[in-house]
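Work through the following exercises with the sequence and the model open side by side. Try each task before reading its solution.

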Amino acid sequence: MKNTIWISFGISLLTIVACKTANLANDFLTDNIDYASTQYERQIEELEKSDKIRIPRTVKPNGEIQYAPIGWDWTAGFYAGSLWYLYNLTGNEYWQSQAKKYTEILEKMQYNTQHHDIGFIIGCSYLNGIRMGRGEKEKYKSVVTQTAKSLSTRFRPAAGVIQSWNTEKGWQSQRGWKCPVIIDNMMNLEILFEATRLSGDSTFYNIAISHANQTLKNHFRNDGSSFHVVDYDPETGEIRTRCTAQGYADESAWARGQAWAIYGYTMCYRYTHDSEYLKMAEKIYEFIFTHPNMPEDLVPYWDYDAVNIPNEPRDVSAAAITASALYELSTVTQKKSYKETADLIMASLASPSYRAKSGENHCFLLMHSVGSIPHGSEIDVPLNYADYYFLESLKRKRDLDNKQSQ
């Protein structure tokens with residue numbers, strides 16, 4: 001009889017703890033979703049005072065908001081993507097109407113062959129519209145497929161990679177590169193995988209695999225950290241140099257680059273189930289979260305090897321990207337530690353240290369991101385892609401929490 005009582009008590013206690021944990025998670029999600037909705041409602045109110053559609057990107061040094069040029073800016077799709085996430089998180093039709101508006105102004109970008117970032121631009125906007133919108137799939141899938149065709153024009157068969165930047169003009173022309181590939185480019189492979197899924201044309205899938213494999217082979221050091229740039233000879237495929245453009249030094253570990261890498265290989269595993277991609281993602285995790293320069297709150301300095309740590313800027317965008325990647329990594333490995341780490345990152349990002357006060361920060365959600373310190377650009381400012389991956393993380397956390405509670 002006593003054993004029965006203690007067993008009943010134990011079950012009741014576990015039930016209470018589980019309920020409290022679930023309630024805390026729901027409170028966290030509700031608070032941050034309500035906050036994001038309020039901030040973005042205010043931001044859109046300001047945007048609609050103009051007769052032009054403008055895409056918030058960041059805040060200038062003079063305190064004015066900076067908008068992303070629609071014709072070429074690599075960040076142009078993140079705002080539409082954030083609105084799709086708000087629609088998914090709230091179910092409010094207002095956000096779908098706004099998401100469609102900010103998505104469809106990017107339609108011409110499907111034909112852009114001048115840079116690799118059309119994967120970001122169309123993936124965050126049109127692809128999210130397919131996934132989360134109502135009635136957009138048939139309308140939007142042709143844009144995704146055409147974007148994949150445009151991105152594929154940058155594939156260099158001899159090297160087996162998609163060229164990231166052009167080298168004929170701008171600061172890139174001064175570096176002596178021929179076919180630079182940046183770790184960021186892993187993120188653009190998703191549009192290729194999806195184009196194959198939507199069209200049945202395996203050409204896009206094969207290009208994505210080739211790029212992922214060459215990057216796996218050539219971009220990483222033994223400790224799991226990634227170079228930012230690998231420059232190839234497009235005619236022979238030989239590696240000309242390994243270096244950086246936005247990190248502290250060629251041999252350093254640029255924080256957002258490591259975030260792109262863990263996200264990119266986790267995503268590639270989703271489409272391929274190639275165990276080598278999963279191993280790489282897990283190795284990157286070990287590098288990031290055992291690094292002696294990782295702060296206690298898990299929001300990294302802009303480069304893990306920056307010379308003046310701890311007196312260096314943090315990069316909230318790197319933290320948000322990593323959190324989102326870890327939520328997905330936890331689902332494919334069933335390892336609780338990845339979700340637990342992501343939850344800790346999100347708790348930090350949602351704290352007053354990084355989440356802006358309501359009505360402030362030009363109504364961006366997060367503060368303290370870094371664009372490129374070597375270029376003196378976007379240092380300690382809000383960035384639209386930090387907000388995007390924060391919202392994506394909220395969605396992924398909600399979905400995981402709901403699944404675990406069933």
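This is a predicted model: local features need pLDDT of at least 70, side-chain atom pairs count only at pLDDT 80 or more; totals for chains, interfaces and linings use all residues.

Residues are numbered from 1 along each chain as its sequence is written, and side-chain values use heavy atoms, with hydrogens and water left out.

**Exercise 1.** Find which residues a cis peptide bond joins, and state where the proline lies.

Solution. The cis bond joins Ile-309 and Pro-310, with omega at about 15 degrees. Pro-310 is then placed in the loop that runs between helix 9 (275–289) and helix 10 (316–333); helices here are DSSP runs of H or I with at least four residues, strands are runs of E with at least two, and both are numbered from the N terminus.

**Exercise 2.** Determine whether Cys-363 is buried or exposed, and do likewise for His-368.

Solution. Begin with the backbone: Cys-363 has a positive phi of about 65 degrees although it is not a glycine, and His-368, also a residue other than glycine, has a phi near 70 degrees. Next, locate them: Cys-363 is found in the loop between helix 11 (336–349) and strand 8 (369–372), and His-368 lies in the loop between helix 11 and strand 8. Finally, apply the cut-offs, with buried meaning under 20% relative accessible area, exposed over 50%, and partly exposed in between (1.4 Å probe, protein chains only). Cys-363, at 8%, is therefore buried, whereas His-368, at 26%, counts as partly exposed.

**Exercise 3.** Describe the lining of the largest cavity by residue class.

Solution. A cavity is a set of points on a 1 Å grid over the protein atoms alone where a 1.4 Å probe fits but cannot get out, and lining residues have an atom within 4 Å of a point. The search of the whole structure finds 1 cavity of 30 Å³ or more. Its lining includes Ile-288, Phe-289, Tyr-304, Ala-319 and Thr-322, and helix 9 and helix 10 each supply at least two of the lining residues. By class, the lining has 8 nonpolar, 1 polar and no charged residues.

Terms used:
On a 1 Å grid over the protein atoms alone, a cavity is a set of points where a 1.4 Å probe fits but cannot get out, and a pocket is an open set with protein on both sides within 12 Å along at least five of seven lines; lining residues have an atom within 4 Å of a point. Grid points are joined across faces, edges and corners, and a volume is the space filled by probe spheres set on the points. Ala, Val, Leu, Ile, Met, Phe, Trp, Tyr, Cys and Pro count as nonpolar, Asp, Glu, Lys and Arg as charged, and the others, Gly among them, as polar.
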